[in-house]
Amino acid sequence: HRLKDLPVYDQLDIERGRLRWQVNSDLQMFLEAAQAQQWQQATGLYTAEFLQGLTLKDALGVDAWLENTRLDLAIKWQYCARQYAQALTEQADHAGATRIYQQIWETDKLDERNLYAYLAAAQHSDTTAAQKAFNSYQAILASDLGLSPSSEILDLANSLSPLNSAIQEQPGKTSTRHLGLTGRAEELSELKDLLANPECRLLTLVGAGGVGKTSLARELIHS
(Lines give C-alpha, C1' and ligand atoms only; values in the text may rest on other atoms or scores of the structure.)
Protein backbone atom coordinates (compact mmCIF):
# COMPACT_ATOMS: atom_id res chain seq x y z
CA HIS A 1 0.00 0.00 0.00
CA ARG A 2 2.96 2.33 0.46
CA LEU A 3 3.51 2.24 -3.30
CA LYS A 4 0.38 4.30 -3.82
CA ASP A 5 2.10 7.21 -2.09
CA LEU A 6 4.93 7.24 -4.63
CA PRO A 7 4.79 9.90 -7.38
CA VAL A 8 5.58 7.20 -9.98
CA TYR A 9 2.79 4.90 -8.88
CA ASP A 10 0.85 5.42 -12.13
CA GLN A 11 3.89 4.20 -14.07
CA LEU A 12 4.12 0.91 -12.14
CA ASP A 13 2.94 -2.32 -13.70
CA ILE A 14 2.04 -4.53 -10.79
CA GLU A 15 1.55 -8.25 -11.33
CA ARG A 16 1.58 -11.17 -9.00
CA GLY A 17 5.17 -11.73 -7.98
CA ARG A 18 6.49 -8.99 -10.26
CA LEU A 19 6.79 -5.21 -10.16
CA ARG A 20 7.80 -3.34 -13.30
CA TRP A 21 8.39 0.38 -13.69
CA GLN A 22 7.13 1.58 -17.07
CA VAL A 23 9.34 4.51 -17.99
CA ASN A 24 8.95 6.55 -21.13
CA SER A 25 12.17 6.35 -23.13
CA ASP A 26 13.48 7.81 -26.35
CA LEU A 27 13.21 4.32 -27.85
CA GLN A 28 9.54 4.04 -26.97
CA MET A 29 8.86 7.53 -28.28
CA PHE A 30 10.68 6.68 -31.53
CA LEU A 31 8.63 3.53 -32.05
CA GLU A 32 5.38 5.37 -31.31
CA ALA A 33 6.28 8.19 -33.72
CA ALA A 34 7.18 5.69 -36.45
CA GLN A 35 3.90 3.83 -35.89
CA ALA A 36 1.97 7.11 -36.13
CA GLN A 37 3.89 8.05 -39.31
CA GLN A 38 5.26 11.15 -37.65
CA TRP A 39 8.34 11.06 -39.84
CA GLN A 40 10.02 14.25 -38.66
CA GLN A 41 9.70 13.35 -34.99
CA ALA A 42 10.83 9.77 -35.53
CA THR A 43 13.85 10.90 -37.55
CA GLY A 44 14.95 13.27 -34.80
CA LEU A 45 14.48 10.80 -31.95
CA TYR A 46 16.88 8.17 -33.29
CA THR A 47 20.30 9.64 -32.50
CA ALA A 48 22.42 6.55 -31.76
CA GLU A 49 22.25 2.78 -31.98
CA PHE A 50 20.28 0.87 -29.36
CA LEU A 51 22.26 0.57 -26.08
CA GLN A 52 25.29 2.11 -27.75
CA GLY A 53 28.59 0.96 -26.28
CA LEU A 54 27.11 -2.10 -24.61
CA THR A 55 29.01 -5.29 -25.46
CA LEU A 56 27.79 -8.65 -24.24
CA LYS A 57 30.18 -11.57 -23.96
CA ASP A 58 29.30 -15.14 -23.11
CA ALA A 59 25.61 -14.18 -22.97
CA LEU A 60 24.05 -16.93 -25.01
CA GLY A 61 21.25 -15.57 -27.15
CA VAL A 62 21.33 -12.09 -25.63
CA ASP A 63 24.12 -10.83 -27.86
CA ALA A 64 22.22 -12.04 -30.92
CA TRP A 65 19.06 -10.34 -29.66
CA LEU A 66 20.97 -7.09 -29.18
CA GLU A 67 22.41 -7.15 -32.70
CA ASN A 68 19.03 -8.00 -34.24
CA THR A 69 17.33 -5.22 -32.29
CA ARG A 70 19.93 -2.70 -33.40
CA LEU A 71 19.54 -3.79 -37.02
CA ASP A 72 15.75 -3.62 -36.87
CA LEU A 73 15.80 -0.14 -35.35
CA ALA A 74 18.34 1.11 -37.89
CA ILE A 75 16.17 -0.12 -40.76
CA LYS A 76 13.10 1.50 -39.20
CA TRP A 77 14.95 4.80 -38.83
CA GLN A 78 16.16 4.78 -42.42
CA TYR A 79 12.59 4.22 -43.61
CA CYS A 80 11.28 7.09 -41.45
CA ALA A 81 14.10 9.36 -42.57
CA ARG A 82 13.40 8.63 -46.25
CA GLN A 83 9.72 9.42 -45.78
CA TYR A 84 10.63 12.67 -44.05
CA ALA A 85 13.10 13.61 -46.80
CA GLN A 86 10.49 12.91 -49.46
CA ALA A 87 8.01 15.14 -47.61
CA LEU A 88 10.60 17.93 -47.46
CA THR A 89 11.22 17.55 -51.19
CA GLU A 90 7.50 17.88 -51.90
CA GLN A 91 7.52 21.07 -49.83
CA ALA A 92 10.43 22.36 -51.95
CA ASP A 93 12.67 22.35 -48.88
CA HIS A 94 15.62 20.99 -50.83
CA ALA A 95 18.21 21.99 -48.24
CA GLY A 96 16.33 20.09 -45.54
CA ALA A 97 15.87 17.04 -47.75
CA THR A 98 19.56 17.06 -48.65
CA ARG A 99 20.52 17.18 -44.98
CA ILE A 100 18.35 14.15 -44.18
CA TYR A 101 19.59 12.14 -47.15
CA GLN A 102 23.13 12.93 -46.05
CA GLN A 103 22.39 11.56 -42.58
CA ILE A 104 20.97 8.39 -44.13
CA TRP A 105 24.04 7.88 -46.32
CA GLU A 106 26.40 8.41 -43.40
CA THR A 107 24.91 5.39 -41.62
CA ASP A 108 26.27 3.15 -44.39
CA LYS A 109 28.73 4.80 -46.74
CA LEU A 110 28.90 1.82 -49.11
CA ASP A 111 25.16 1.86 -49.84
CA GLU A 112 25.05 3.35 -53.33
CA ARG A 113 21.28 3.76 -53.32
CA ASN A 114 21.47 6.07 -50.32
CA LEU A 115 24.30 8.04 -51.90
CA TYR A 116 22.32 8.34 -55.14
CA ALA A 117 19.35 9.83 -53.28
CA TYR A 118 21.70 12.22 -51.47
CA LEU A 119 23.35 13.42 -54.68
CA ALA A 120 20.00 13.80 -56.44
CA ALA A 121 18.68 15.99 -53.63
CA ALA A 122 21.91 18.00 -53.50
CA GLN A 123 21.40 19.12 -57.12
CA HIS A 124 19.01 21.71 -55.72
CA SER A 125 21.04 22.53 -52.63
CA ASP A 126 24.62 22.19 -51.35
CA THR A 127 26.62 20.43 -54.04
CA THR A 128 30.00 20.93 -52.37
CA ALA A 129 29.37 18.53 -49.49
CA ALA A 130 27.75 16.06 -51.88
CA GLN A 131 30.80 16.11 -54.14
CA LYS A 132 33.02 15.37 -51.13
CA ALA A 133 30.72 12.48 -50.18
CA PHE A 134 30.97 11.04 -53.67
CA ASN A 135 34.75 11.40 -53.70
CA SER A 136 34.92 9.61 -50.35
CA TYR A 137 32.70 6.81 -51.65
CA GLN A 138 34.77 6.46 -54.80
CA ALA A 139 38.00 6.28 -52.76
CA ILE A 140 36.60 3.62 -50.43
CA LEU A 141 35.44 1.49 -53.36
CA ALA A 142 38.84 1.69 -55.02
CA SER A 143 40.97 1.08 -51.92
CA ASP A 144 38.87 -1.54 -50.15
CA LEU A 145 37.16 -3.39 -52.97
CA GLY A 146 39.01 -2.51 -56.17
CA LEU A 147 35.77 -1.26 -57.75
CA SER A 148 34.49 1.87 -59.44
CA PRO A 149 31.08 3.51 -58.93
CA SER A 150 28.26 2.57 -61.28
CA SER A 151 27.79 4.53 -64.48
CA GLU A 152 24.47 5.87 -63.16
CA ILE A 153 25.96 7.49 -60.09
CA LEU A 154 28.98 8.71 -62.05
CA ASP A 155 26.65 10.57 -64.40
CA LEU A 156 24.78 12.06 -61.45
CA ALA A 157 28.00 13.13 -59.73
CA ASN A 158 29.21 14.73 -62.96
CA SER A 159 25.99 16.71 -63.22
CA LEU A 160 26.42 18.32 -59.81
CA SER A 161 28.93 20.86 -61.08
CA PRO A 162 31.06 21.54 -64.16
CA LEU A 163 34.04 21.25 -61.81
CA ASN A 164 33.14 17.63 -61.32
CA SER A 165 33.17 16.77 -65.03
CA ALA A 166 36.60 15.20 -64.68
CA ILE A 167 35.19 12.30 -62.66
CA GLN A 168 35.66 9.13 -64.64
CA GLU A 169 35.77 5.43 -63.98
CA GLN A 170 39.24 4.42 -62.91
CA PRO A 171 41.01 2.23 -65.49
CA GLY A 172 41.58 -1.32 -64.44
CA LYS A 173 38.69 -1.27 -62.00
CA THR A 174 35.51 -3.26 -62.32
CA SER A 175 32.46 -1.02 -62.45
CA THR A 176 29.12 -1.91 -60.96
CA ARG A 177 26.30 -1.41 -63.46
CA HIS A 178 23.29 -1.07 -61.23
CA LEU A 179 22.35 0.66 -58.03
CA GLY A 180 22.44 -1.68 -55.08
CA LEU A 181 24.83 -3.53 -52.87
CA THR A 182 28.43 -3.27 -53.97
CA GLY A 183 31.16 -5.85 -53.43
CA ARG A 184 29.16 -8.23 -51.28
CA ALA A 185 28.15 -10.94 -53.78
CA GLU A 186 30.07 -13.67 -51.95
CA GLU A 187 28.58 -12.80 -48.56
CA LEU A 188 25.09 -12.54 -50.05
CA SER A 189 25.41 -15.96 -51.65
CA GLU A 190 26.60 -17.48 -48.38
CA LEU A 191 23.66 -15.97 -46.48
CA LYS A 192 21.20 -17.38 -49.02
CA ASP A 193 22.73 -20.83 -48.61
CA LEU A 194 22.46 -20.58 -44.84
CA LEU A 195 18.81 -19.52 -44.98
CA ALA A 196 18.03 -22.38 -47.36
CA ASN A 197 19.27 -24.82 -44.72
CA PRO A 198 16.28 -25.97 -42.63
CA GLU A 199 18.58 -26.36 -39.63
CA CYS A 200 19.30 -22.63 -39.65
CA ARG A 201 16.70 -21.11 -37.33
CA LEU A 202 18.50 -17.89 -36.46
CA LEU A 203 20.96 -15.90 -38.54
CA THR A 204 22.84 -12.94 -37.06
CA LEU A 205 25.02 -10.40 -38.86
CA VAL A 206 27.76 -9.16 -36.56
CA GLY A 207 30.35 -6.50 -37.25
CA ALA A 208 31.61 -3.05 -36.37
CA GLY A 209 29.38 -0.07 -37.03
CA GLY A 210 29.42 1.17 -40.63
CA VAL A 211 30.69 -2.02 -42.28
CA GLY A 212 27.40 -2.57 -44.12
CA LYS A 213 25.37 -5.02 -42.02
CA THR A 214 22.16 -3.07 -42.66
CA SER A 215 22.74 -2.90 -46.40
CA LEU A 216 23.58 -6.59 -46.59
CA ALA A 217 20.45 -7.54 -44.67
CA ARG A 218 18.30 -5.25 -46.83
CA GLU A 219 19.74 -6.67 -50.03
CA LEU A 220 19.13 -10.20 -48.74
CA ILE A 221 15.48 -9.34 -48.09
CA HIS A 222 15.05 -7.77 -51.55
CA SER A 223 16.65 -10.76 -53.27
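Q37 sits in the loop between helix 1 and helix 2, where helices are DSSP runs of H or I with at least four residues, strands are E runs of at least two, and both are numbered from the N terminus. Q37 is not a glycine, yet its phi is positive, at about 60 degrees, and the residue is exposed, with a relative accessible area of 55%; buried here means under 20% relative accessible area, exposed over 50%, and partly exposed in between, with a 1.4 Å probe and protein chains only. The model is predicted, so local features need pLDDT of at least 70 and side-chain atom pairs count only at pLDDT 80 or more, whereas totals for chains, interfaces and linings use all residues. Residues are numbered from 1 along each chain as its sequence is written, and side-chain values use heavy atoms, with hydrogens and water left out.

**Backbone in the loops**

- Most residues other than glycine have a negative phi.
- A92, in the loop between helix 3 and helix 4, has a positive phi of about 65 degrees although it is not a glycine, and with a relative accessible area of 51% it is exposed.

**Overall make-up**

- The protein has nine helices and four strands, and along the sequence its pattern reads β-β-α-α-α-α-α-α-β-α-β-α-α.
- Of the 223 residues in the protein, 35% are buried.
- Among contacts with a separation of 6 or more, 58% are between residues 24 or more positions apart, a contact being heavy atoms within 4.5 Å.

**The largest nonpolar core**

- The largest nonpolar core contains 37 residues, and those with the most contacts inside it are I100, Y101, L115, Y118, L119 and F134; such a core is a set of buried Ala, Val, Leu, Ile, Met, Phe, Trp, Tyr and Cys residues joined through side-chain atoms within 4.5 Å.
- Two or more residues of this core come from each of helix 1 (26–35), helix 2 (39–45), helix 3 (62–90), helix 4 (94–106), helix 5 (112–122), helix 6 (127–145) and helix 7 (151–159), and helix 3 gives the largest share, with nine residues.
- L115, when its neighbours within four places in sequence are left aside, is in contact with W105, A133, F134, Y137 and I153.

**Helix 5 against helix 6**

- Helix 5 and helix 6 pack with their axes 9 Å apart and at an angle of about 155 degrees, where axes are lines fitted to C-alpha atoms, for helices over the stretch in contact, and angles between N-to-C directions run from 0 to 180 degrees.
- Helix 5 is therefore roughly antiparallel to helix 6, given that angles under 35 degrees count as roughly parallel, over 145 as roughly antiparallel, 65 to 115 as roughly perpendicular and the rest as oblique.
- The crossing of helix 5 past helix 6 is left-handed, a term used if the near helix is turned anticlockwise from the far one by less than a right angle, with clockwise giving right-handed.
- Helix 5 brings E112, L115, Y118, L119 and A122 to this contact, and helix 6 brings T127, A129, A130, A133, F134 and Y137.
- The residues of the contact of helix 5 with helix 6 comprise nine nonpolar, one polar and one charged, with Ala, Val, Leu, Ile, Met, Phe, Trp, Tyr, Cys and Pro taken as nonpolar, Asp, Glu, Lys and Arg as charged, and the others, Gly among them, as polar.

**Helix 5 against helix 7**

- The axes of helix 5 and helix 7 are 10 Å apart and the two helices pack at an angle of about 25 degrees, which means that helix 5 is roughly parallel to helix 7.
- Helix 5 passes helix 7 in a left-handed crossing, with E112, L115, Y116, L119 and A120 in helix 5 meeting E152, I153, L156 and A157 in helix 7.
- The contact of helix 5 with helix 7 has seven nonpolar and two charged residues, and no polar ones.

**Buried loop residues**

- D111, in the loop between helix 4 and helix 5, counts as buried at 2% relative accessibility, and apart from its neighbours within four places in sequence it is in contact with W105, S215 and R218.
- D108 is also found in the loop between helix 4 and helix 5 and is buried, with a relative accessible area of 2%; D108 and T214 are 106 residues apart in sequence, with 7.7 Å between their C-alpha atoms.
- Y46, in the loop between helix 2 and helix 3, counts as buried at 19% relative accessibility and, neighbours within four places in sequence aside, is in contact with F30, R70, L73, A74 and W77.
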